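Welcome! Let's take a friendly look at a protein model, one topic at a time.

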Amino acid sequence: MSVPQDWTPSTSIDTEVRPGREHVLAGLKATDEGDPELVQLLTPEGERVSDPRFDGYATDLGVGALRSLFRDMVLVRRFDREGNALQRQGQLGIWVPLLGQEAAQIGAGRALQPQDMAFPSYREHGVAFARGIDPVDLLGIFRGTDHGSWDPNKARFHLYTIVIGNQCLNAAGYAMGQKFEGKVGEGPDSEATICFFGDGATSQGDVHEGFVWAAVYDAPVVFYCQNNQWAISEPTSKQSRVPLYKRATGYGFPGVRVDGNDVLACLAVTRWALEECRTGNGPVLVEAFTYRMDAHTTSDDPSRYRLADELELWKLKDPIERVRVNLVREHGVGQEFFDEVQAESDALAARFREHCLNMPPPAPDRMFSQVYAEGSPVLDAQRAEYLAYYESFEGV
Ligand SMILES: Cc1ncc(C[n+]2csc(CCOP(=O)(O)OP(=O)(O)O)c2C)c(N)n1
Ligand SMILES: [Mg+2]
């Protein structure tokens with residue numbers, strides 16, 4: 001499979017020509033509908049459009065698939081909002097909202113095969129859902145009762161990584177392992193890895209190192225950057241002179257920018273990227289251009305650093321609404337379906353809340369029990385001392 005864009009590095013060096021600030025900003029924000037660089041299959045108005053480079057990866061995406069993707073996104077948004085509310089009510093220490101990024105995550109998550117491996121950062125609740133992780137299992141990290149309660153090998157979804165960009169090294173190493181073990185090839189069981197990170201993470205050394213290692217080993221890894229345009233309070237214009245997908249050229253692999261609010265385009269592009277990797281043409285960089293509609297976390301107040309009109313603009317590009325409009329206009333889907341999904345999402349939110357309120361506190365020796373595979377005299381002594389102290393409290 002060939003690369004669907006010209007990514008050959010330019011050899012000309014013109015020291016006279018440097019991009020001015022307006023060029024940099026225009027490039028970073030080049031997401032206007034109809035921009036040839038932006039892959040789109042569903043417009044914000046819900047119109048299905050063609051992209052000859054990726055149509056072949058979306059041929060099966062008829063009304064059934066659209067309904068299913070719509071349902072996924074509604075459920076994910078619903079429990080995300082519940083997570084926010086639970087934090088506000090003091091039930092969670094923090095919540096990391098994904099509002100606005102449902103399409104970027106469900107599109108990528110649904111492109112994965114069961115045997116593929118995914119490395120998330122901390123916002124990938126939608127990908128977790130697509131990997132079959134029960135949303136209630138995400139609560140422990142944010143309530144401070146565990147570091148992730150799913151089995152990463154079974155779910156083929158690594159534990160959340162809070163250290164920005166670090167998972168790119170893990171993913172590159174994992175993908176190199178897949179290659180060394182002969183898991184790359186044409187067969188149905190061939191494997192790929194996908195690594196999720198943000199626009200701000202691209203400024204981290206770990207991401208650069210991950211790109212370099214993956215490139216020189218032709219590792220089967222899709223680097224999936226959700227460019228939500230903010231790294232807490234830092235805009236992308238403070239991170240890069242060029243659109244992020246173009247950075248791939250310098251490492252020697254292709255980069256594609258997809259409309260991150262278009263679930264069909266994200267699915268098709270990620271399918272392509274994974275197939276490239278599985279068949280030995282990795283790595284690939286995908287930049288899913290999207291927008292963080294809520295705060296960075298519940299500890300953040302975005303009104304201090306960004307303008308409300310930006311948010312208003314992005315509301316018009318909502319990832320769920322465009323699918324709803326398409327289902328109604330192009331497929332005649334009736335209200336009954338939307339009511340069913342709404343009822344299912346309300347039931348999920350109620351279960352999410354119920355589970356959170358009833359989570360038992362972890363056993364007091366838990367912090368000692370999973371540090372090392374085997375005990376040690378020093379650790380045993382610390383545990384004994386702590387337990388004696390703990391038990392000295394009345395009513396414990
Ligand atoms: C190595 C490291 N430095 C700094 C931080 C603090 N920090 C947490 S999130 C964040 C911004 C990340 O932005 P981005 O990569 O765009 O991801 P987003 O949160 O927007 O999804 C920073 C700097 C951290 N967690 N790890
Ligand atoms: Mg970001």
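## A pair of crossing helices

Is the crossing of α3 and α10 left-handed or right-handed? The crossing of α3 and α10 is right-handed, a term used when the near helix is turned clockwise from the far one by less than a right angle. Helices here are DSSP runs (H or I, at least four residues) and strands are too (E, at least two), numbered from the N terminus.

The axes of α3 (residues 102-111) and α10 (residues 263-278) come within 7 Å and cross at roughly 40 degrees. Axes are lines fitted to C-alpha atoms over the stretch in contact, with angles from 0 to 180 degrees between N-to-C directions.

On the α3 side, the contact includes A103, I106 and R110, and on the α10 side it includes C266, T270 and L274 (C-beta atoms, placed from the backbone, within 7 Å).

## About the model

This is a predicted model: local features need pLDDT of at least 70, side-chain atom pairs need 80 or more, and totals for chains, interfaces and linings use all residues. Residues are numbered from 1 along each chain as its sequence is written, while chains are lettered from A and ligands numbered from 1 in the order written.

## Around the ligand

Ligand 1 is surrounded by 15 residues, and the closest are I164, G198, G200, A201 and A231 (C-beta, placed from the backbone, within 6 Å). Two strands, β3 (193-198) and β5 (230-231), each give two or more residues to this shell.

## Two domains

The chain divides into domain 1 (21-357) and domain 2 (363-396), with bounds from an automatic or database assignment. Their C-alpha centres lie 39 Å apart.

Terms used: Two residues are in contact if their C-beta atoms, placed from the backbone, lie within 7 Å.
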